[in-house]
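Subject: Structure for your review

Dear colleague,

Please find below the structure that I am handing over to you. My findings follow directly after it.

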Amino acid sequence: MIEATGLHFKIGSRNIVENVHFSAKPGEMLAVIGPNGAGKTTLLKLISKQLRAESGEIQINGKNLADLTLEDLAKFRAVLPQSNYLNINLTVFEIALMGRYPHFKSKPNESDLEITSEALREMGMYGFKDRLIHQLSGGEQQRVQLARILAQIYQNPNGILLMDEPINGLDLQYQQIILDKARKLAKQGLTVMCILHDINLAAQYADQILVLKQGKRIAMGSPEEVLSEDLIFSTYHTRVKKISDQQLGYPIIVPIT
Amino acid sequence: MILRNKRFSIISLLLFLLCSCILSICVGAIEIPLKNLVKILGNQLFNLQADSYPKQQEAVLLAIRAPRVLLGALIGATLSMAGCAVQGMFRNPLAEPGLIGVSSGASLFAVTFIVLGNTVFHTVTLVFGYYALSIAAFTGAFLTTWLLYRFAVTRGRVDISSLLLMGIAINALAIALTGLLTYVATDEQLRNITFWSLGSLGGANWKTLTVMLPFALACMIGLLPMGKALNAIALGEAQAEHLGINIKRVNKYIVVFAALGVGASVAMAGVIGFLALLVPHLLRISVSADHKFLLPASGLFGAGLLVLADLIARTVAIPAELPIGILTAFMGVPMFIMIILRSRKERRFL
């Protein structure tokens, strides 16, 4: 559960995040969308405690974020980074095992190793466990990263998953694999918050969509409610057509010229 | 498979260290045959009363070779582990204490202390005695590392170009100030200063060894548990924080312990360049970048390598001795160039 109220953050005199409030519930996937420079990444950094909000309050599972240490947070809150290429001489298993770092001191115990294997299996990367990470493609690497994140909050009913554009630069198949896994985790009871660039992917996977523009909250609600042609025009200055398809169950947004 | 590979490497490195130590003890201006070495050690350690070797060999072994080999191993291990930790902290293999000016900072303070020691710092000398020089060098190493960190790291991102440029500046400043100090130095101080610039284990005796030991142990024991944190940092500083690693605390900790080791090494043996670059990076690319392995392995490999380098330094031109820094530079510079060429290809480090 994430509850944020009255969040403000500025750099110099420029407001990056302005009076933003939202809540993300367990069992739901919240997508944050908005144009470049809307403050999406900054908002996620406030939630992940990388940045400190100037005012406002963030509650994580009912506790004030300011009272939680990095060590406390790491036990139940995982952050999937943007896909960037890892060039380290470590094996896939060693990378995934890092997800268990918050749970052991210097030596992993049996259950840490078991959970790591299981997380790799769930991401279909167990067969690669002894391969070196820099020998994998970007999409495979991101699956390993997700396995690491999975291991970190494995079967934790209070788990929180934050993702900052996790599918940037990945092809269609890997986009679907990563986001499909994120939604399944939400269905298992995790709180998932995900920044997405692609409105259609947000419509396809999210239960709730938060729209930001110039640091302000423009709208929040289900994809069907939020994604209107007018709202998208006023946010992105682009004319679009919204196609609602009964079979798909989610709207499709197509730019028109 | 991977685990066995690492264990195998550690055992090989242990054997390598042991062999270099034995070789270095036995070979020199006065040869000590292996069987005599065993007898002398038997006598010394277990009081076996074996008595069929020249007394001169025993004297050389105990008074000269043993402390020198032990000091070499200790300094090699300390420098390499400190190098490994600093490279990991800056996430760059070029961040070697020598290149980025940490050793120069230490030597600058040490030289200043030698020259001005009696007049300006005599209370410091009174309080710390033999440790005073090490403490001066540590202060220099610490201040430089801290300065580098303040300048080269902005919002968690390491700017490797400013790191290396700062290193050039600090090295140049250290050379200039050392040069300046040579004008006010006495002859004996002058000889000490020359010895500093390229490094030598020639000053080794049991006294220097006992001074080095606490610093080296503190550095090694302090850095050894950082494997997990350094692994996480390899993913990126933000990712490490998300894994519950307190980056600021870890970095402070590494700066203090690495400076402690580098400072004491410089105080005992001068600036020994490139060892700390060569050793961890060679192991990183050939075996594994897992710092839980890399830290102890660097220690073993660095110790063995420096002992061997010292053997060459003192035997290649008997009776003269080469400064050991010349040999480590010969070994390290090709590696340095290789890293630059690779990074040009990958556009990652610069």
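A compact globule of 257 residues would have a radius of gyration near 18 Å, and chain A of this predicted model has 19 Å, which agrees. Along the principal axes, the C-alpha trace of chain A spans about 55 × 40 × 30 Å. Chain A contains 9 helices and 12 strands. Of its 257 residues, 45% count as buried.

One sheet of chain A deserves a description. This open sheet has 4 strands in the order β2-β1-β4-β5, and the pairing is antiparallel. Its edge strands are β2 (14-24) and β5 (63-64) of chain A, each of which pairs on one side only. Within the sheet, β1 (residues 2-11) and β4 (residues 55-60) of chain A run antiparallel to each other and are joined over 5 bridges. If you wish to look at a particular bridge, Glu3(A) has Gln59(A) in β4(A) as its bridge partner.

Where is Pro35(A) found? The residue sits in the loop between β3 (29-33) and α1 (40-47) of chain A. Pro35(A) has 15 C-beta neighbours inside 10 Å and therefore counts as partly exposed; a residue needs 20 or more to be called buried, and 12 or fewer to be called exposed. Leaving aside residues up to four places away in sequence, Pro35(A) touches Lys213(A), Thr235(A) and Tyr236(A). By contrast, Ile115(A) is 80 residues from Pro35(A) in sequence, and the C-alpha atoms of the two are 38 Å apart in space.

I turn now to chain B. This chain has 15 helices and 2 strands. Its radius of gyration is 20 Å, close to the 20 Å that the globule rule gives for 350 residues, so chain B is as compact as a globular protein of that length. The C-alpha atoms of chain B fill a box of roughly 65 × 60 × 35 Å along the principal axes. Buried residues make up 50% of the 350 residues. Of the contacts in chain B with a separation of 6 or more, 82% are between residues 24 or more positions apart.

The two chains also touch. How many residues of chain B are in contact with chain A? There are 23 of them, and they meet 20 residues of chain A. On the chain B side, the elements that give two or more residues are α10 (227-234), α11 (237-242) and α13 (275-286). The residues on this side of chain B comprise 10 nonpolar, 7 polar and 6 charged.

Of these helices, I looked further at α13(B). At 1.5 Å a residue, its 12 residues should span 16 Å, and the C-alpha atoms at its ends are 16 Å apart, which agrees. Is α13(B) largely enclosed by the rest of the structure or largely open? Since 9 of its 12 residues are buried, α13(B) is largely enclosed by the rest of the structure. The buried residues of α13(B) include Leu275(B), Pro280(B), His281(B) and Arg284(B).

Yours sincerely,

A colleague

How values were computed. Residues are numbered from 1 along each chain as its sequence is written. Chains are lettered from A and ligands numbered from 1 in the order in which they are written. This is a predicted model: local features need pLDDT of at least 70, side-chain atom pairs count only at pLDDT 80 or more; totals for chains, interfaces and linings use all residues. The radius of gyration is taken over C-alpha atoms; the globule rule is 2.2 Å times the number of residues to the power 0.38. Two residues are in contact if their C-beta atoms, placed from the backbone, lie within 7 Å. Ala, Val, Leu, Ile, Met, Phe, Trp, Tyr, Cys and Pro count as nonpolar, Asp, Glu, Lys and Arg as charged, and the others, Gly among them, as polar. Two strands pair if DSSP finds at least two bridges between them. The expected span of a helix is 1.5 Å times one less than its number of residues.
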